[in-house]
Amino acid sequence: MKYFFGDERCIPPEHPDSNFGVVKKTLFPNAFPKDCTVIRMEGELSDREVAARNYEQTLPESVDILLLSVGQDGHIDSLFPGDQALLETTRSVVSIVAPKPPPERLTITTRVIQKAKSTFLFAQANKKVRILAEALEEP
């Protein structure tokens, strides 16, 4: 089984704010299972375009299970309202500059989300849960 990420901050994987680091610490604290391959985004690379293209090449045509998370402002992965990444139709992974720190990030595009076989959206913390509930109720 392969695990893929939807976004990553452009920081080293051992940084406390790294999505890879959080997943490793919380889901796989002892080690990754033997039948599991975790494919992370190389957020620490100085050339963000190379990092995005590298990850794009690892993605399958359609992800079986896509795990997404919602931010406190309602963004999903690193797809922020009004960002050009939302309009991307040919690329699967892009480098973006987010309106909140840390600003440099890599993110999958809506192209990947739309092709996923199963998608799950997570919200941690009360504010994120409220934002998700509101989004599900509003048109």
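Trainee: What makes Arg 53 partly exposed in this predicted model?

Mentor: Arg 53 has a relative accessible area of 39%. Buried means under 20% and exposed means over 50%, with partly exposed in between. The value of 39% lies in between, so Arg 53 is partly exposed.

Trainee: Why is the pair of Glu 49 and Arg 53 called a salt bridge?

Mentor: The N to O distance between their side chains is 2.9 Å. The cut-off is 4 Å between a side-chain nitrogen of Lys or Arg and a carboxyl oxygen of Asp or Glu. At 2.9 Å the pair is within that cut-off, so Glu 49 and Arg 53 form a salt bridge.

Trainee: How do you know that Glu 49 and Arg 53 are separated by about one helical turn?

Mentor: Both are in helix H2, residues 48–58, and they are four residues apart; therefore about one helical turn separates them.

Trainee: What is the accessibility class of Glu 49?

Mentor: Glu 49 has a relative accessible area of 35%, so Glu 49 is partly exposed. Glu 49 also meets Arg 91 in a salt bridge, at 2.9 Å from N to O.

Trainee: Why does the pair of Glu 49 and Arg 91 tie together separate parts of the sequence?

Mentor: Glu 49 lies in helix H2, whereas Arg 91 lies in the loop between E4 and E5, so the pair links parts that are 42 residues apart in sequence. A network of salt bridges links Glu 49, Arg 53, Glu 56 and Arg 91.

Trainee: Why is Arg 91 called buried?

Mentor: Arg 91 has 11% relative accessibility. The limit for buried is under 20%, so Arg 91 counts as buried.

Trainee: What about Ser 92: buried or exposed?

Mentor: Ser 92 is at 11% relative accessibility, which is under 20%, so Ser 92 counts as buried. Ser 92 lies in the loop between strand E4 (65–69) and strand E5 (93–97). Leaving aside neighbours within four places in sequence, the residues in contact with Ser 92 include Glu 56, Leu 59 and Arg 111.

Trainee: What makes the pairing of Ser 92 with Arg 111 a polar contact?

Mentor: Their side chains are 2.8 Å apart in that contact. The cut-off for a pair of N or O atoms is 3.5 Å, so the distance of 2.8 Å meets it.

Trainee: How many salt bridges does the structure hold?

Mentor: The structure holds eight. One of them joins Arg 40 and Glu 44, with the closest N and O atoms 2.8 Å apart. Arg 40 counts as partly exposed at 24% relative accessibility, and Glu 44 counts as partly exposed at 32%.

How values were computed:
Residues are numbered from 1 along each chain as its sequence is written. This is a predicted model: local features need pLDDT of at least 70, side-chain atom pairs count only at pLDDT 80 or more; totals for chains, interfaces and linings use all residues. Side-chain values use heavy atoms; hydrogens and water are left out. Helices (H or I, at least four residues) and strands (E, at least two) are DSSP runs, numbered from the N terminus. Buried means under 20% relative accessible area, exposed over 50%, partly exposed in between (1.4 Å probe, protein chains only). A polar contact is a pair of N or O atoms within 3.5 Å; within protein, one must be able to donate a hydrogen and the other to accept it, and residues adjacent in sequence count only if both atoms are side-chain atoms. Contact means heavy atoms within 4.5 Å.
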